[in-house]
Amino acid sequence: VVNGLAPAEVSKVVLDPDAKRIEVIVPDQQQHIAIGRRGQNVRLASQLTGWDIDIVSDTDDRERRQREFRELTEMFMDALNVEEVIAQLLVTEGFTSIQEVAFTETEELAGVEGFDEEIAEALKERAQAYLDEVEQNLRAEAAEIGIAEDLLGYDGLQLATIVELGRKGIKSLEDLADLAADELVELVPDAGLAGDDAGAVIMDARVRLGWIEAPAPEQAEEELAEADGGSDHR
């Protein structure tokens with residue numbers, strides 16, 4: 001990637017293997033050089049690697065990181081009812097979700113500079129209480145929407161994702177199994193499902209419903225391709 005974008009200087013390369021995406025950070029004045037005339041440099045590098053490539057300037061990268069830091073700080077302050085300095089310490093230490101706080105070992109959390117075991121325990125308790133409240137609200141909404149038990153109890157998706165599907169009319173395991181992979185990704189864009197992951201979920205739902213037999217290992221790739229390609233499965 002670095003050679004493909006020459007003569008532009010590259011400050012940092014960030015890989016996202018799940019999405020097959022590469023983010024390349026370059027100095028502001030080098031961004032147009034890295035992209036190349038009519039995008040030829042970045043297009044060639046993308047073709048050579050088989051991954052999507054984004055060229056981001058140092059300024060844009062810094063502003064994004066600052067924005068993410070503020071957003072995460074506010075999220076921890078609101079969810080855990082803590083002061084700004086506590087929230088900032090969590091973000092600085094690399095915490096990005098309430099789940100991480102709830103399920104991190106007390107000793108590890110207490111090891112954050114400025115924390116002790118008492119603070120760690122209090123944070124874990126508040127995080128768990130917040131997660132419990134969120135789950136109760138989601139289950140109440142699921143009941144109101146009318147999501148079927150077979151989908152509500154499906155362990156291949158997070159509860160929040162299942163409720164989001166219910167909001168969009170997917171209310172049973174059969175509804176889920178009848179989707180194509182790209183449809184599932186489009187319905188729940190924030191679920192973090194790549195095409196292969198969505199295909200695996202749909203194939204699993206079809207197996208559980210008895211529409212298809214569980215594939216042998218050598219057949220799994222072919223079945224995933226079918227799930228990705230469309231919903232004509234019966």
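Tutor: Start with a definition. Buried means under 20% relative accessible area, exposed over 50%, and partly exposed in between, with a 1.4 Å probe and protein chains only. The model is predicted: local features need pLDDT of at least 70, side-chain atom pairs count only at pLDDT 80 or more, and totals for chains, interfaces and linings use all residues. Residues are numbered from 1 along each chain as its sequence is written, and side-chain values use heavy atoms, without hydrogens and water.

Student: Why is R38 called exposed?

Tutor: R38 has a relative accessible area of 75%. Exposed means over 50%, so R38 is exposed. R38 sits in the loop between α1 (31-35) and α2 (40-49). Helices here are DSSP runs of H or I with at least four residues, strands are runs of E with at least two, and both are numbered from the N terminus.

Student: What makes the phi of R38 worth a remark?

Tutor: Most residues other than glycine have a negative phi. The phi of R38 is near 55°, a positive value, and R38 is not a glycine. N81 also has a positive phi, about 55°, without being a glycine.

Student: How do you know whether N81 is buried or exposed?

Tutor: The relative accessible area of N81 is 61%. The cut-off for exposed is over 50%, so N81 is exposed. N81 lies in the loop between α3 (58-80) and α4 (84-92).

Student: Why are α3 and α4 called oblique?

Tutor: They pack at an angle of about 125°, with their axes 8 Å apart. Axes are lines fitted to C-alpha atoms, for helices over the stretch in contact, and angles run from 0 to 180 degrees between N-to-C directions. Under 35 degrees counts as roughly parallel, over 145 as roughly antiparallel, 65 to 115 as roughly perpendicular, and the rest as oblique. The pair α3 and α4 is therefore oblique.

Student: How do you know whether G199 is buried or exposed?

Tutor: G199 has a relative accessible area of 1%. Buried means under 20%, so G199 is buried. G199 belongs to helix α12 (residues 195-209). The C-alpha atoms of G199 and A180 are separated by 7.4 Å, though these residues are 19 residues apart along the chain.
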